Amino acid sequence: MAAENDTHAVGRRLTVLGAGVMGTGIAALAIGHGIPVSLIDPDRRRLAEAPARVERMVRMARLMDALPKESVIGVLVTAASLAEDATADDPAPVAVIEAVTEDADAKAKVIAEVSALVAPGTAIVSNTSAIPIDELARATARPAELIGTHFMNPPHLIRTVEVIRGTHTGEATMDTLRALLAALRREPIVVADAPGFVTSRILHPMINDAVRVVAAGTASVESVDRLMQGCLGHPTGPLRTADLIGLDNLVDSLWVLHERTGDERCRPCDLLLEMVRVGRLGRKSGHGFYAYEGEKA
Ligand SMILES: NC(=O)c1ccc[n+]([C@@H]2O[C@H](COP(=O)([O-])OP(=O)(O)OC[C@H]3O[C@@H](n4cnc5c(N)ncnc54)[C@H](O)[C@@H]3O)[C@@H](O)[C@H]2O)c1
């Protein structure tokens, strides 16, 4: 009941840029709470596949009681660009969440485009894993409206969300974001801005080290994961987590961290780079450290 009221409090649509692993997950989370979503991606193949993927996620999450069974599912529309989104102002979005490829230039371009198109007062949310929000804020004339919201993967199953308040992020944007996350029944933890914030700054070099351990022949993939699960309480093991993230995204995020911190532990190791080169990207390609026959993300 509380969630329904929260949803009415938001009462607007959400625009999500990027129909990849995270964009589809965020779309599932939102429509599963009755919030209409416009999902934008220039890759028309990805876009065509997205509604079925989102629908599968919602169905699965409802079965697991991770999404409310009583909510009316929000309408999902797709478009190849913001300009092509016929529903863009119907109603105007409360926020635009960018979940595009982890590339600082691409994200800056997207944020510049979004801030030129949406009405002042619309929160512009970056789901970046590692790029500092203050760096992205240089791309917009309204830095007070930009905020980092690092949904974890899968967003519709993990309730805690890392929220990054940039130096310029305004109070009104914080309020909008808090209301949106309440409507989505997520728990925000607000942190300061830094490369990789908290979670990626700790998790990504750890995964890189786990891959190095495998490359050195110290232990098999399975043994590394079973040790980290059984001895240290890691829920899935670092290498299964890497497959879930997507090794291409992991490498991109490690480079972002390495370039901005100089920490050599963040330089993607050779085995990771090789796996990306040959297209073994994890669940999204059907094969990474493990094989995922018939269950591509
Ligand atoms: N994968 C994870 O576990 C995870 C977790 C938290 C945060 N993130 C972050 O979320 C973001 C997206 O990651 P992902 O794993 O979903 O990547 P992905 O590679 O699965 O998807 C990225 C999508 O963005 C699209 N795209 C590129 N340019 C675009 C544009 N201008 N407009 C709209 N769409 C565009 C691509 O076509 C692609 O479909 C990245 O910043 C990533 O670091 C990822």
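The buried residues of helix α10 are Leu247, Leu250, Val251, Ser253, Leu254, Val256, Leu257 and His258, where buried means under 20% relative accessible area, exposed over 50% and partly exposed in between, with a 1.4 Å probe and protein chains only. The model is predicted, and local features need pLDDT of at least 70, side-chain atom pairs count only at pLDDT 80 or more, and totals for chains, interfaces and linings use all residues. Residues are numbered from 1 along each chain as its sequence is written, and side-chain values use heavy atoms, with hydrogens and water left out. Helices (H or I, at least four residues) and strands (E, at least two) are DSSP runs, numbered from the N terminus.

Helix α10 covers residues 247–261, 15 residues in number, and reaches 21 Å from its first C-alpha to its last, close to the 21 Å expected at 1.5 Å a residue. The expected span is 1.5 Å times one less than the number of residues. The buried residues of α10 pack against α7, α9 and α11 (270–277).

Helix α2 (residues 21–32) has twelve residues and a reach of 17 Å from first C-alpha to last, close to the 16 Å expected. Twelve of its twelve residues are buried; among them are Val21, Met22, Ile26, Leu29 and Ile31, as well as the glycines Gly23, Gly25 and Gly32. What covers the buried residues of α2 includes the strands β1 (13–17), β2 (37–40), β3 (76–79) and β4 (93–98), together with the helices α3 (44–63) and α9 (238–245). Just after α2, glycine 34 has a positive phi of about 85°.

Two threonines were examined around helix α6. Threonine 169 lies in the loop between β7 (160–165) and α6 (171–183), and is buried with a relative accessible area of 5%. Its side chain takes part in polar contacts, a polar contact being a pair of N or O atoms within 3.5 Å; within protein, one atom must be able to donate a hydrogen and the other to accept it, and residues adjacent in sequence count only if both atoms are side-chain atoms. A polar atom of the threonine 169 side chain lies 2.8 Å from the backbone oxygen of leucine 146, and the side chain of threonine 169 also reaches the backbone nitrogen of glycine 166 at 2.8 Å. With neighbours within four places in sequence left aside, threonine 169 is in contact (heavy atoms within 4.5 Å) with Pro143, Ala144, Leu146, Ile147 and Met174.

Threonine 173 is placed in helix α6 itself and is buried, at a relative accessible area of 6%. A polar atom of its side chain lies 2.7 Å from the backbone oxygen of alanine 144. Neighbours within four places in sequence aside, the contacts of threonine 173 are Ala123, Ala144, Glu145 and Ile147.

Rolling a probe the size of a water molecule over the atoms shows where empty space is left. A cavity is a set of points, on a 1 Å grid over the protein atoms alone, where a 1.4 Å probe fits but cannot get out; lining residues have an atom within 4 Å of a point. Grid points are joined across faces, edges and corners, and a volume is the space filled by probe spheres set on the points. The count comes to one cavity of 30 Å³ or more, and the largest cavity holds about 30 Å³ of space. Its lining consists of Val163, Met174, Leu177, Arg178, Leu181, Pro188 and Val190. Helix α6 gives the most to this lining, with four residues, and both α6 and β8 (187–192) supply at least two residues each. By class, the lining has six nonpolar residues, no polar and one charged, with Ala, Val, Leu, Ile, Met, Phe, Trp, Tyr, Cys and Pro counted as nonpolar, Asp, Glu, Lys and Arg as charged, and the others, Gly among them, as polar.

Backbone geometry remains. Most residues other than glycine have a negative phi, and most peptide bonds are trans. Aspartate 65, in the loop between α3 and β3, is not a glycine but has a positive phi of about 60°; aspartate 65 is exposed, with a relative accessible area of 58%. Phenylalanine 197 has a positive phi of about 55° and is located in the loop between β8 and α7 (199–215). At 6% relative accessibility, phenylalanine 197 counts as buried. A cis peptide bond, with omega about 0°, joins asparagine 153 and proline 154, the latter in the loop between β6 (146–150) and β7.

How values were computed
1 Å grid on protein atoms, 1.4 Å probe; cavity = no way out; pocket = protein on both sides within 12 Å on 5 of 7 lines; lining within 4 Å.
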